[in-house]
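Hi,

Here is the structure I said I would send over. Have a look at it first, and then read on for what turned up when I went through it.

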Amino acid sequence: MRLENLNVDARDPRRLADFWAAALGAEPLTDNEAGVEVRLPLTGGRFLDLCFERVPDPSPAKSRVHPDLTGGVRQQEVVERLLGLGATPADIGQQDVPWVVLADPEGNAFCVMDEREAYHGTGVLTSLILEGSDPDRDADFWAVATGWKRVAGVAEASLRHPSGTGPLLEFLTESGPKRGKNRMHLDVRPGPDDGPVTSRLLALGAAVVADDPELPWTVYTDPSGNEFCILAPTA
(Lines give C-alpha, C1' and ligand atoms only; values in the text may rest on other atoms or scores of the structure.)
Protein backbone atom coordinates (compact mmCIF):
# COMPACT_ATOMS: atom_id res chain seq x y z
CA MET A 1 0.00 0.00 0.00
CA ARG A 2 1.17 3.51 -0.76
CA LEU A 3 -0.14 6.81 0.53
CA GLU A 4 -0.11 8.66 -2.77
CA ASN A 5 -2.24 11.83 -2.70
CA LEU A 6 -3.52 14.61 -0.53
CA ASN A 7 -6.61 15.68 -2.47
CA VAL A 8 -7.97 19.22 -1.96
CA ASP A 9 -11.30 20.64 -3.15
CA ALA A 10 -10.64 24.10 -4.62
CA ARG A 11 -12.57 26.92 -6.26
CA ASP A 12 -9.38 28.03 -8.02
CA PRO A 13 -7.08 24.99 -8.28
CA ARG A 14 -4.23 26.82 -9.98
CA ARG A 15 -4.06 29.55 -7.35
CA LEU A 16 -4.16 27.04 -4.50
CA ALA A 17 -1.61 24.75 -6.18
CA ASP A 18 0.75 27.69 -6.68
CA PHE A 19 0.52 28.53 -2.97
CA TRP A 20 1.17 24.99 -1.76
CA ALA A 21 3.90 24.33 -4.32
CA ALA A 22 5.74 27.42 -3.08
CA ALA A 23 5.04 26.59 0.57
CA LEU A 24 6.38 23.03 0.30
CA GLY A 25 8.83 23.24 -2.57
CA ALA A 26 6.66 20.88 -4.62
CA GLU A 27 7.13 20.28 -8.35
CA PRO A 28 4.43 20.83 -11.04
CA LEU A 29 2.82 17.72 -12.49
CA THR A 30 -0.43 18.38 -14.37
CA ASP A 31 -2.55 21.44 -15.07
CA ASN A 32 -5.90 21.24 -16.84
CA GLU A 33 -9.48 22.40 -16.51
CA ALA A 34 -10.34 19.68 -13.98
CA GLY A 35 -7.53 20.52 -11.60
CA VAL A 36 -3.83 20.91 -10.90
CA GLU A 37 -1.35 18.47 -9.35
CA VAL A 38 2.05 19.09 -7.77
CA ARG A 39 4.50 16.54 -6.37
CA LEU A 40 6.34 16.75 -3.07
CA PRO A 41 9.46 14.55 -3.22
CA LEU A 42 10.15 12.53 -0.08
CA THR A 43 13.21 10.58 1.01
CA GLY A 44 14.00 7.22 -0.57
CA GLY A 45 12.44 8.14 -3.91
CA ARG A 46 8.97 8.36 -2.40
CA PHE A 47 6.55 11.20 -3.06
CA LEU A 48 3.24 12.72 -2.06
CA ASP A 49 1.12 14.29 -4.79
CA LEU A 50 -1.11 17.22 -3.87
CA CYS A 51 -4.15 17.21 -6.14
CA PHE A 52 -6.29 20.34 -6.33
CA GLU A 53 -9.64 19.41 -7.84
CA ARG A 54 -11.99 22.07 -9.16
CA VAL A 55 -15.15 22.16 -7.02
CA PRO A 56 -17.53 25.12 -7.50
CA ASP A 57 -18.71 25.10 -3.90
CA PRO A 58 -16.33 23.35 -1.50
CA SER A 59 -17.95 22.29 1.74
CA PRO A 60 -18.12 25.10 4.32
CA ALA A 61 -17.69 22.51 7.09
CA LYS A 62 -14.40 22.25 8.93
CA SER A 63 -12.13 19.70 7.25
CA ARG A 64 -11.00 17.02 9.68
CA VAL A 65 -7.93 16.35 7.54
CA HIS A 66 -5.18 18.95 7.28
CA PRO A 67 -1.40 19.25 6.83
CA ASP A 68 1.06 20.58 9.40
CA LEU A 69 4.28 22.21 8.26
CA THR A 70 7.68 22.09 9.90
CA GLY A 71 8.74 25.21 11.76
CA GLY A 72 11.04 24.11 14.56
CA VAL A 73 13.60 26.68 15.64
CA ARG A 74 12.80 28.65 12.46
CA GLN A 75 9.07 28.72 13.14
CA GLN A 76 8.64 32.50 12.96
CA GLU A 77 10.73 32.73 9.80
CA VAL A 78 8.60 30.04 8.17
CA VAL A 79 5.40 31.81 9.25
CA GLU A 80 6.55 35.10 7.76
CA ARG A 81 7.43 33.40 4.47
CA LEU A 82 4.00 31.76 4.29
CA LEU A 83 2.25 35.05 5.03
CA GLY A 84 4.20 36.54 2.15
CA LEU A 85 2.91 33.77 -0.13
CA GLY A 86 -0.71 34.55 0.71
CA ALA A 87 -1.46 32.71 3.95
CA THR A 88 -3.44 34.52 6.65
CA PRO A 89 -3.57 34.10 10.45
CA ALA A 90 -6.42 31.83 11.52
CA ASP A 91 -8.29 31.42 14.80
CA ILE A 92 -9.85 27.99 15.19
CA GLY A 93 -10.12 28.26 18.96
CA GLN A 94 -6.52 27.16 19.56
CA GLN A 95 -5.90 29.70 22.37
CA ASP A 96 -2.33 29.63 23.83
CA VAL A 97 -0.42 26.92 21.94
CA PRO A 98 3.21 26.64 20.76
CA TRP A 99 2.24 26.15 17.12
CA VAL A 100 0.95 28.80 14.72
CA VAL A 101 -2.35 28.36 12.87
CA LEU A 102 -2.64 29.85 9.39
CA ALA A 103 -5.08 29.50 6.50
CA ASP A 104 -4.26 29.07 2.83
CA PRO A 105 -5.79 31.39 0.18
CA GLU A 106 -9.10 29.45 0.24
CA GLY A 107 -9.37 29.38 4.02
CA ASN A 108 -8.07 25.86 4.70
CA ALA A 109 -6.43 25.88 8.12
CA PHE A 110 -2.99 24.36 8.71
CA CYS A 111 -0.33 24.62 11.39
CA VAL A 112 3.34 25.56 11.51
CA MET A 113 4.77 23.41 14.25
CA ASP A 114 7.22 24.18 17.02
CA GLU A 115 10.43 22.25 17.74
CA ARG A 116 9.76 18.65 18.85
CA GLU A 117 11.92 15.53 18.88
CA ALA A 118 9.15 13.47 17.28
CA TYR A 119 9.28 15.68 14.16
CA HIS A 120 12.97 15.36 13.37
CA GLY A 121 13.59 14.13 9.85
CA THR A 122 10.09 14.76 8.58
CA GLY A 123 11.13 17.33 6.00
CA VAL A 124 9.05 20.39 5.18
CA LEU A 125 5.78 18.53 5.82
CA THR A 126 5.60 17.54 9.48
CA SER A 127 2.42 15.52 9.43
CA LEU A 128 -1.03 14.91 8.04
CA ILE A 129 -3.72 15.21 10.71
CA LEU A 130 -6.88 13.09 10.82
CA GLU A 131 -9.55 13.82 13.41
CA GLY A 132 -11.95 11.09 14.42
CA SER A 133 -14.06 9.59 17.15
CA ASP A 134 -11.46 6.97 18.16
CA PRO A 135 -7.83 7.85 17.29
CA ASP A 136 -6.45 4.49 18.39
CA ARG A 137 -8.92 2.56 16.21
CA ASP A 138 -8.35 4.93 13.28
CA ALA A 139 -4.58 4.48 13.53
CA ASP A 140 -5.01 0.70 13.29
CA PHE A 141 -7.23 1.19 10.23
CA TRP A 142 -4.79 3.52 8.48
CA ALA A 143 -1.86 1.25 9.27
CA VAL A 144 -3.54 -1.30 7.00
CA ALA A 145 -4.51 1.36 4.44
CA THR A 146 -0.95 2.71 4.12
CA GLY A 147 1.42 0.02 5.35
CA TRP A 148 2.82 2.56 7.84
CA LYS A 149 3.85 1.62 11.37
CA ARG A 150 2.95 2.86 14.83
CA VAL A 151 5.51 5.25 16.33
CA ALA A 152 5.79 7.28 19.52
CA GLY A 153 4.69 10.84 18.95
CA VAL A 154 2.89 13.81 20.44
CA ALA A 155 -0.55 12.98 19.05
CA GLU A 156 -2.96 10.47 20.57
CA ALA A 157 -1.77 7.97 17.96
CA SER A 158 0.86 8.29 15.23
CA LEU A 159 2.02 6.36 12.17
CA ARG A 160 5.12 6.73 10.02
CA HIS A 161 6.54 5.09 6.91
CA PRO A 162 8.52 1.94 7.79
CA SER A 163 11.72 3.74 6.74
CA GLY A 164 11.26 6.06 9.73
CA THR A 165 11.47 9.10 7.45
CA GLY A 166 9.04 11.63 6.04
CA PRO A 167 5.84 13.05 7.54
CA LEU A 168 3.73 11.39 10.19
CA LEU A 169 0.06 10.52 10.15
CA GLU A 170 -1.32 11.90 13.42
CA PHE A 171 -4.72 10.99 14.85
CA LEU A 172 -6.63 13.34 17.14
CA THR A 173 -10.00 13.17 18.86
CA GLU A 174 -12.62 15.11 16.93
CA SER A 175 -13.80 18.38 18.43
CA GLY A 176 -17.37 17.57 17.34
CA PRO A 177 -19.36 15.37 14.98
CA LYS A 178 -18.52 15.44 11.28
CA ARG A 179 -20.64 17.90 9.32
CA GLY A 180 -20.42 17.72 5.55
CA LYS A 181 -17.64 16.52 3.27
CA ASN A 182 -14.02 17.13 4.19
CA ARG A 183 -12.31 19.58 1.86
CA MET A 184 -9.18 17.44 2.05
CA HIS A 185 -8.84 13.67 1.82
CA LEU A 186 -6.15 11.05 1.31
CA ASP A 187 -5.76 8.60 -1.57
CA VAL A 188 -3.98 5.25 -1.26
CA ARG A 189 -2.85 2.84 -3.96
CA PRO A 190 -2.46 -0.93 -3.49
CA GLY A 191 0.60 -2.65 -4.86
CA PRO A 192 0.67 -5.97 -6.74
CA ASP A 193 1.45 -7.93 -3.56
CA ASP A 194 -1.10 -6.33 -1.22
CA GLY A 195 -3.80 -8.96 -1.69
CA PRO A 196 -7.44 -8.31 -0.77
CA VAL A 197 -6.76 -5.03 1.02
CA THR A 198 -10.19 -3.62 0.24
CA SER A 199 -11.98 -6.46 2.01
CA ARG A 200 -9.67 -6.02 5.01
CA LEU A 201 -10.50 -2.33 5.20
CA LEU A 202 -14.22 -3.01 4.90
CA ALA A 203 -13.93 -5.47 7.78
CA LEU A 204 -12.19 -2.74 9.82
CA GLY A 205 -15.01 -0.25 9.29
CA ALA A 206 -14.61 1.30 5.83
CA ALA A 207 -17.79 2.09 3.92
CA VAL A 208 -18.27 2.59 0.17
CA VAL A 209 -19.43 6.09 -0.80
CA ALA A 210 -19.11 6.03 -4.60
CA ASP A 211 -17.99 3.29 -6.98
CA ASP A 212 -18.06 4.28 -10.64
CA PRO A 213 -16.61 1.47 -12.80
CA GLU A 214 -15.49 4.09 -15.35
CA LEU A 215 -13.22 5.78 -12.81
CA PRO A 216 -9.87 4.36 -11.64
CA TRP A 217 -10.71 4.87 -7.97
CA THR A 218 -13.43 4.15 -5.43
CA VAL A 219 -14.50 6.56 -2.69
CA TYR A 220 -14.80 5.24 0.86
CA THR A 221 -15.07 6.57 4.38
CA ASP A 222 -12.88 5.39 7.24
CA PRO A 223 -14.40 4.28 10.58
CA SER A 224 -14.74 7.92 11.67
CA GLY A 225 -16.49 8.96 8.45
CA ASN A 226 -13.52 10.70 6.80
CA GLU A 227 -13.48 10.29 3.02
CA PHE A 228 -10.58 8.60 1.22
CA CYS A 229 -10.02 6.92 -2.15
CA ILE A 230 -8.49 3.61 -3.10
CA LEU A 231 -6.82 4.04 -6.47
CA ALA A 232 -6.36 1.37 -9.12
CA PRO A 233 -3.59 -1.06 -8.09
CA THR A 234 -0.15 -0.70 -9.56
CA ALA A 235 0.70 -3.32 -12.15
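Searching the whole structure turns up 14 salt bridges. Bear in mind that this is a predicted model. As a bit of background, side chains of opposite charge can pair when their charged atoms come close. Here are some of the pairs, with a word on where they sit.

Let me start with Asp31 and Arg14, whose side chains form a salt bridge with an N to O distance of 2.7 Å. Asp31 belongs to strand 2 (residues 27-32) and Arg14 to helix 1 (residues 13-24), so this pair ties together parts that are 17 residues apart in sequence. How exposed are the two partners? Asp31 is partly exposed, with a relative accessible area of 45%, and Arg14 is also partly exposed, at 41%.

Next up is the salt bridge between Arg150 and Asp136, at 2.8 Å from N to O. Arg150 is in strand 10 (residues 149-150) while Asp136 is in helix 3 (residues 135-146), so here the linked parts are 14 residues apart in sequence. Both ends are partly exposed: Arg150 has a relative accessible area of 37%, and Asp136 comes out at 42%.

Then there is Arg137 with Asp138, where the closest N and O atoms of the salt bridge are 3.1 Å apart. Which of these two is buried, and which is partly exposed? Arg137 is partly exposed, at 30% relative accessibility, whereas Asp138 is buried because its relative accessibility is 2%, and buried means under 20%.

There is also a network of salt bridges, which links Arg2, Glu4 and Arg189.

Eight strands make up an open sheet with mixed pairing, and their order is 6-7-8-5-9-12-11-10. Strand 6 (88-89) and strand 10 are the edge strands, each pairing on one side only. Strand 10 is also where you will find Arg150, from the pair with Asp136 above.

What does helix 1 lie across? The answer is strand 5 (65-69) and strand 8 (109-112), and the helix runs at about 40 degrees to strand 5.

Cheers

Technical notes:
Residues numbered from 1 in each chain as written. Predicted model: local features only at pLDDT ≥ 70, side-chain atom pairs only at ≥ 80, totals over all residues. Heavy atoms only, no water. Salt bridge = Lys/Arg side-chain N within 4 Å of Asp/Glu carboxyl O. Helix = DSSP H or I, 4+ residues; strand = E, 2+ residues; numbered from the N terminus. Buried < 20%, exposed > 50% of the residue type's maximum accessible area, 1.4 Å probe, protein only. Pairing = 2+ DSSP bridges. Contact = heavy atoms within 4.5 Å. Axes fitted to C-alpha atoms, helices over the stretch in contact; angles between N-to-C directions.
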